[in-house]
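Subject: Structure handover

Dear colleague,

I am passing on the structure below, and after it you will find what turned up when I went through it. Please keep it open beside this message while you read.

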Amino acid sequence: MSTPRPFGRALCAMVTPFTADGGLDLPGARELAARLVDEGCDGLVLNGTTGESPTTTDAEKTALVRAVCDEVGGRAAVVAGVGSADTRHTLALARAAEQAGADGLLVVSPYYSRPPQADVEAHFLRIADASGIPLMLYDIPGRTGTRVEPATMLRLAAHPRVVAVKDCAYDLLGSSKVIARTSLAYYSGCEELNLPLYAVGGAGFVSTVANAAPRPLRAALDAYDAGAVTESVRLNQLTLPLAELMMASGLPGTVTAKALLGALGRPGGPVREPLRPAGRETADGLLEAYGELVGSTAAPAMLR
C-alpha cells in the first residue's frame with residue numbers, strides 16, 4: 001500500500017515574521033514563504049508553535065494565512081494551525097482559516113486542562129464536522145499534557161476529513177500500528193525521527209529546521225524513495241548537528257530558527273515576549289553548523 005501524502009512530503013513549520021517593532025511582517029512572510037517553496041517545501045504550516053501562535057492575535061493569524069495563500073497558493077499546500085484549549089475558539093479559528101484560503105488545518109489536542117480521551121476525540125470531531133477542508137491532528141503530549149492514544153487515532157481515522165497526523169509522541173510502535181491499520185498520513189514533528197518514521201510508512205515531516213535548510217532535509221527522503229537507503233542515512237546524519245542546535249539546545253525552536261534566519265539575512269525578525277532572542281554566541285554557532293551542512297564536500301551539489 002502506498003503511503004498517503006495529502007500535503008506532500010516536506011513541510012515547513014514556518015516562523016511568523018515580525019517587524020523590528022514586533023508587528024506582523026506580511027511582506028516578509030510572503031518572501032519567506034516563496035523562498036521555502038522554491039527550495040523544496042511541498043507545504044507550509046502556519047500559526048503553529050514555531051509560528052508563535054500563543055502570542056499572535058486571531059486577526060494576525062488570518063492575515064498571515066491570507067497573505068501566504070496569495071503568495072504560494074497553487075504551488076504548495078498551506079496548512080493553518082488553529083489549535084487552542086477552547087473548542088469554540090478553535091472552531092472560530094478554523095472557519096477563519098478556511099475562508100482565508102487554507103488547504104488544511106492543524107489541530108492540537110486541548111492543552112493544560114488534560115481532558116480524557118473521549119473528550120479529546122469529541123474535540124477533534126467537532127472541528128472535522130464543522131470544516132470543509134482536511135485536518136492534520138497534532139499529537140504532542142510533552143506540551144499539551146495529553147496523549148492522543150493510538151486507539152483514539154484509529155477511531156478518528158474513520159472521519160473523511162481527518163487525513164493526517166503531526167507526530168511528536170515519540171512512540172514509533174504506536175505510530176506504526178496506526179499507520180498499518182489506517183490511511184492516516186503520519187508526518188514527523190521531531191527532527192530526529194524524520195527518517196525513522198518515514199522508514200516505517202510515514203508521509204514526511206513538518207520541520208522547524210526547514211525554515212533555514214529545507215533542501216538537506218528533503219534530500220534524505222528523496223534518496224530513500226530512490227532506494228538508496230545507505231545514502232539516505234548519510235544525508236540524514238549530515239543534518240543532525242544543525243537539528244540538535246536548533247531543537248535540543250534548551251531554547252525553543254522558534255528562537256533558534258529566527259536567530260539563524262536573521263544571521264542569514266532572511267525574514268524572521270524578533271520573537272515576542274515571553275520568549276527572548278538568542279544571544280550572539282548561539283546565533284554564531286547556528287550559522288557555523290548551517291554553513292558546514294550546506295557547504296560540506298560530502299553533501300551532494302543539490303544541497304548547496
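Let me begin with Tyr170, which sits in the loop between β6 (162–167) and α7 (172–181); helices (H or I, at least four residues) and strands (E, at least two) are DSSP runs, numbered from the N terminus. Please bear in mind that this is a predicted model, in which local features need pLDDT of at least 70 and side-chain atom pairs count only at pLDDT 80 or more, while totals for chains, interfaces and linings use all residues. Residues are numbered from 1 along each chain as its sequence is written, and side-chain values use heavy atoms, with hydrogens and water left out.

The phi angle of Tyr170 is near 55 degrees, which is a positive value in a residue other than glycine. Tyr170 has a relative accessible area of 52% and is therefore exposed (buried means under 20% relative accessible area, exposed over 50%, and partly exposed in between, with a 1.4 Å probe and protein chains only). Arg114, in the loop between β4 (104–108) and α4 (117–130), also has a positive phi, near 50 degrees, and is not a glycine. Because its relative accessibility is 58%, Arg114 counts as exposed.

Another backbone feature is the cis peptide bond that joins Glu273 and Pro274, with omega about 20 degrees; Pro274 is placed in the loop between α11 and α12 (280–295).

Thr256 belongs to helix α11 (residues 253–263), and it counts as buried because its relative accessibility is 0%. If neighbours within four places in sequence are left aside, Thr256 is in contact with Leu245, Met246, Ser249, Leu251 and Leu286, where contact means heavy atoms within 4.5 Å.

How do the axes of helix α10 and α11 cross? The axes of α10 (residues 229–247) and α11 come within 7 Å and cross at roughly 120 degrees; axes are lines fitted to C-alpha atoms, for helices over the stretch in contact, and angles run from 0 to 180 degrees between N-to-C directions. That makes α10 oblique to α11, since angles under 35 degrees count as roughly parallel, over 145 as roughly antiparallel, 65 to 115 as roughly perpendicular and the rest as oblique. On the α10 side the contact is made by Leu242, Leu245, Met246 and Met247, and on the α11 side by Gly253, Thr256, Ala257 and Leu260. These residues divide into six nonpolar, two polar and no charged (Ala, Val, Leu, Ile, Met, Phe, Trp, Tyr, Cys and Pro count as nonpolar, Asp, Glu, Lys and Arg as charged, and the others, Gly among them, as polar).

Finally, there are the cavities. A cavity is a set of points, on a 1 Å grid over the protein atoms alone, where a 1.4 Å probe fits but cannot get out, and its lining residues have an atom within 4 Å of a point. Grid points are joined across faces, edges and corners, and a volume is the space filled by probe spheres set on the points. By this rule there are four cavities of 30 Å³ or more.

The largest cavity has a volume of about 80 Å³, and its lining includes Glu191, Phe205 and Asn236. The largest share of that lining, four residues, comes from α10, and by class the lining has seven nonpolar, three polar and one charged. The second largest cavity holds about 70 Å³ of space, with Asn47, Lys61 and Leu93 among the residues that line it.

With best wishes

Key:
On a 1 Å grid over the protein atoms alone, a cavity is a set of points where a 1.4 Å probe fits but cannot get out, and a pocket is an open set with protein on both sides within 12 Å along at least five of seven lines; lining residues have an atom within 4 Å of a point.
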